[in-house]
Amino acid sequence: MPRTDVALFLDPPHEGYASDRLFTVEEGAYARDGVTAPWIHLRERLATANVRVHTVDRLARGDVRPAAENLYLSFGRRRRLQPLVRDYGLTASGFFTLECPIVDPRLYRDLDSVARSFHAVYSFSTEIGLRPYLSAPVQLERFQLPNPFDGVDEEQWRRGGRRFLTMINANKLPRLSAGELYTERLRAVEYFNRFREIDLYGIGWQGPPFRVTSSWVPRRARALAHRARERWERLQPPTDTLRVSTRAAWRGPVASKADVLGRYTFAICFENMILEGWITEKIFDCFHAGTVPVYLGAPDIDRWIPADCFVDMRDFAGYDELRAFLRALGPREIEAYREAARDYLRSDAYRPFTKEAFADLLAGIVRRDAGVEA
């Protein structure tokens, strides 16, 4: 018999989304460019079946009441599960991996243990692709990161007077080096900065890079160590070519990716690592703004996105060839890339990356674990 009193509690990917901020449109560090739209759509979709949706911290604080049936989904966070199950009897319905293995290797070493605690584990990649990082086999369900938009941003799309090339990334380093593309981004910036042809945007480039994600070292201790490195670099600026080049090309942080991308014809669009199926928002941000991405990352990218939508870095022996190719493209050829991307965003092929597909997936979880059709 279907449940009539069901709640879905989400552990969001960052504390900035706690207190149900995941479902608001307020602009801020974690809501810019409409990134909360998929979550708002999900909440509205489940509301039609009288399923309440909240971030789980509100339940833990007593801000909202539990339902007769309470489902729990974690988007990369593991620490809360046992207390929540003990105190509220939550059903651990699903765990979603949002960071890649070189960023959070400990998660993947422990993923078999995580899988025993949840009904299902979801990933952009496959068990075969992730096998080098797993300590034991894990059955994975496939999902794609939902994008907030349905098509192009017409205002950005129509912008003229575009500059040549940009890159938007934070100054971070991964915890593993195998397959990482963080260093390759720096090489790209260093090469194009020789010609003063690239503008770099993002946080942290005025100082040393941040080592990303989980660590046994307390957050405060890591922050203090990073500030100490910043002070040292003010006294002794870095001299290696990659660091010097990124500082020279850096134009500051961004309030809106769409606004920055809309000023450029091309963008360096490298994923964090080379991994089957690992396609994040980076290439879609370019399509949305009418910017042609130079892509490197998922080796199966053309299974998901038509090859005529982007410049594939794998087609070139190096940056000399890439630069010659980009410089030789005429207005009609550039427009062909842009129109192909626009057509793709209108097509059924784009649907796995939409907020509608994401809502379908989570509605299916609710149906499976609570018997509610939404």
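The legends below accompany views of a predicted model of a single chain.

**View 1. Overall fold of the predicted chain, with its 16 helices and 13 strands.** The radius of gyration of the chain is 22 Å, close to the 21 Å that the globule rule gives for 374 residues, so the chain is as compact as a globular protein of that length. Along its principal axes, the C-alpha trace spans about 65 × 50 × 40 Å. Of the contacts with a separation of 6 or more, 73% are between residues 24 or more positions apart.

**View 2. Surface and charged side chains of the chain.** The accessible surface comes to about 17400 Å², and carbon and sulfur atoms contribute 52% of it, while buried residues make up 54% of the 374 residues. The chain carries 55 positive and 51 negative side chains, with the centres of the two sets lying 6 Å apart.

**View 3. Helix α1 and the elements that its buried residues pack against.** Helix α1 covers residues 37-47, and within this helix P38, W39, I40, L42 and L46 are buried. The partners of these buried residues are the strands β1 (6-11) and β2 (51-55), together with helix α16 (355-370).

View 4. A search of the whole structure finds 0 disulfides. C100 is in no disulfide, and the nearest cysteine sulfur, that of C269, is 14 Å away; with a relative accessibility of 1%, C100 counts as buried because the cut-off for burial is under 20%. C309 is likewise in no disulfide, with the nearest cysteine sulfur, that of C286, 12 Å away, and at 1% relative accessibility C309 also counts as buried.

Notes:
Residues numbered from 1 in each chain as written. Predicted model: local features only at pLDDT ≥ 70, side-chain atom pairs only at ≥ 80, totals over all residues. Heavy atoms only, no water. Helix = DSSP H or I, 4+ residues; strand = E, 2+ residues; numbered from the N terminus. Rg over C-alpha atoms; globule rule 2.2 N^0.38 Å. Buried < 20%, exposed > 50% of the residue type's maximum accessible area, 1.4 Å probe, protein only. Contact = heavy atoms within 4.5 Å. Areas by Shrake-Rupley, 256 points an atom, 1.4 Å probe, with all protein chains shown as cover. Lys, Arg positive; Asp, Glu negative; His and termini not counted. Charge placed at Lys NZ, Arg CZ, Asp CG, Glu CD. Disulfide = S-S within 2.5 Å.
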